[in-house]
Amino acid sequence: MVSTVQNSDVRQKDVDHAVVVAVTSRALFESDTEEDGDGAYAAGVAFPLLQALQRVNEQLLQRNPAESLLFDVVLMTTDSQQQQSSRFMSSTRHHGLEVTRFCFSSEEDFIESLLKNNIQLFLTTDENEVLQATQKGVPSVLLDEHSAVCSSEQLRVLFCENAIIRPSSDPTPASRQAAQSFSSQLGKMRQKFGMFDSPLCFTLVTLRGGKDSCCGALKALRSIGVSVDEAYCLAGAPRSPILSLLRPHFLLSDGFSNLDD
Amino acid sequence: MVKMSLDPVQVMSGKVKELKVSPSSNGDARGSWEEKEEFEQNQLSSKPKPVTGRRARKVEGAVFFPKPENAVTIAVSSRVLFRTEREQKVFEQKGVEEYLRYQIEHENEPFAPGPAFPFVKALETVNTRLRELYPQSEQLFDIVLVTYNHAHVGIRLINTINHHNLFIERFCMTGGSSPIGYLKAWHTNLYLSADAEKVREALAEGIAAATMFMPEKLTEVSESQLRVAFDGDAVLFSDESERIFKAHGLDKFFEHERENEDTLLDHGPLKGFLEALGKLQKKFYAKGQRLDCPIRTYLVTARSAASSGIRALKTLRAWGLEIDEALFLAGAPKGPMLEKIRPHIYFDDQMFHVEGAAEMGTIAAHVPYGVAQKCNTNQKTNMGK
């Protein structure tokens, strides 16, 4: 059973042009703790990411009040008890979060809910949900405690080759396509800002290949409309010192050129 | 090189947690990705590479990409490796958007060599010799291009590196943020930049650094031997003696040096770099190549041999550092001496000497450290940034 409730406090986005991002209730809120004793949940690990998305929207609208290429954030939950549902909604309002819709479903139906709502990026703290969603072609990000310490002022997206992460499943053509079009959308958003003080920042990291791999990646990203701001070519150097400085909100790995050795 | 596959958006998972918790080395056997990396690195060095024309550097079985902590890492900014004056003007006069547009438009036009270019070429020559003698060793020069340019300039920089046949495979383009954190992450032994502010920041973090300028004319330098020249006070040594000289004059300076002849001078910002050069030199000596060593170091100091120079030499000896030639000028101008030596780089803390050297075609780098900086703030240099 899948149902959607609109958040009347927040202006609805033009779903045909917006980039729809879904975040689970467990990622957004700490369901175990209460805040201020007034029944609202405390902030979860996804908070900084959401605030960064909101900031991008604010800045886009500042430049063009009629902008339709915005992030459209929806909250998804499979915790379908009635009391919980209303607490999610009131907690959202309490924190002033720009969530346009609440999507309720059972655990079995949540994929259906993702697809029905045309989700282009799915944020969750549940590894299984990531696996399932990815297999169905929905770009997904697993958040954890590191997400909680990322910037809330600037959305930092890292483009990186796949080797950094254990591939959990073979990419389907549909998921590749979805990831690429998501990246292109981000690229379009980035173009609306200048070089400095952009609320959106793209970084490329190549881990193993030398400068020619990096060059290929820069060109490939450019061809899908993504101009990166920062680029690091590690050529085999240890990655963690660099990555811990970069603090990306999430990583994307797609659309790179294939440079065989 | 790894084939990068078209994969959908991947997860920022517990793997990232591991990345951040074990920053120091590949040795930690936590998590499969780290083991995988080590395994692949070993693969990289043992896999024989075909020797093709232009890339003849790839010696069979030799180490290609050393670990930063094992190598002598030289971080060079794009503005000193190449000549980018025209582009700088566009940036200053028309702003960053126009600057980046210009760069992209001229992407296939390589930049001309800048002041650090001969130095970097010489480093590569040393590497070639080191690889011949020690094919499995990671004790090499590792050159990293560290620039706070936006990655839009990346393709032009890479094209330029290829055009000049430089062996630079690692870089950081920070898109405007400070490169200092990255310098530390790369275990940088020396940072060369056109920006005095960034150089000062690096020095404050304990990283040897210097500002480079383009000399009006460039004298030819050796293509087979790396020559590095250092000033003494406030470069290899601390600025304590200079303080005495500036506050109390030459006589007091001599008196102080005489009285303290057996007290070691404190170390200066470039002592570590001299040490790193010394370690590499010893590798050549160990193979009987002392006379033919492709690294040569010089001390060019205003101290005089008979008096104040003794303290300098004793200090170097106590540090276990050898310097190939020590030139005590007793206050004479450094330009002519440097012109004879023709170093690939000369480090001095005083702009007066840097400019003097450059006038005679020596590639000089300013180390903005110590008491001399406060006195020289009025001196305007029109040598550009």
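Predicted model: local features only at pLDDT ≥ 70, side-chain atom pairs only at ≥ 80, totals over all residues.
Residues are numbered from 1 along each chain as its sequence is written, and chains are lettered from A in the order in which they are written. Local features need pLDDT of at least 70, side-chain atom pairs count only at pLDDT 80 or more, totals for chains, interfaces and linings use all residues, and side-chain values use heavy atoms, with hydrogens and water left out.

Chain B is divided into domain 1 (68–212) and domain 2 (226–383), the bounds coming from an automatic or database domain assignment. The centres of these two domains, taken over C-alpha atoms, are separated by 25 Å. In chain B, 26 residues of domain 1 are in contact with 26 residues of domain 2 (contact means heavy atoms within 4.5 Å). The area buried between them is about 2,300 Å², of which carbon and sulfur atoms give 75%; buried area is the accessible area (1.4 Å probe) that two parts lose on being put together, summed over both. Arg129(B), Leu133(B) and Tyr134(B) supply 24% of the area that domain 1 of chain B buries against domain 2, more than any other three residues.

Arg129(B) also forms a salt bridge with Asp292(B), with the closest N and O atoms 3.3 Å apart (a side-chain nitrogen of Lys or Arg within 4 Å of a carboxyl oxygen of Asp or Glu). On the side of domain 1 of chain B that touches domain 2, helix 6 (117–133) is among the elements supplying at least two residues, and the largest share, eight residues, comes from this helix. Helices are DSSP runs (H or I, at least four residues), numbered from the N terminus.

Helix 7 (residues 154–163) of chain B is mostly covered, with eight of its ten residues buried (under 20% relative accessible area, 1.4 Å probe, protein chains only). The buried residues include Arg156(B) and Asn162(B). Asn165(B), which follows helix 7 of chain B, has a positive phi near 60°.

Chain A is divided into domain 1 (2–149) and domain 2 (155–257), whose centres, over C-alpha atoms, are 23 Å apart. The contact takes 26 residues from domain 1 of chain A and 19 residues from domain 2. About 2,000 Å² is buried between these domains, 74% of it from carbon and sulfur atoms. The count between them is one salt bridge. Glu67(A) and Lys192(A) meet through their side chains in a salt bridge (3.2 Å, N to O).

Note on methods. Buried < 20%, exposed > 50% of the residue type's maximum accessible area, 1.4 Å probe, protein only.
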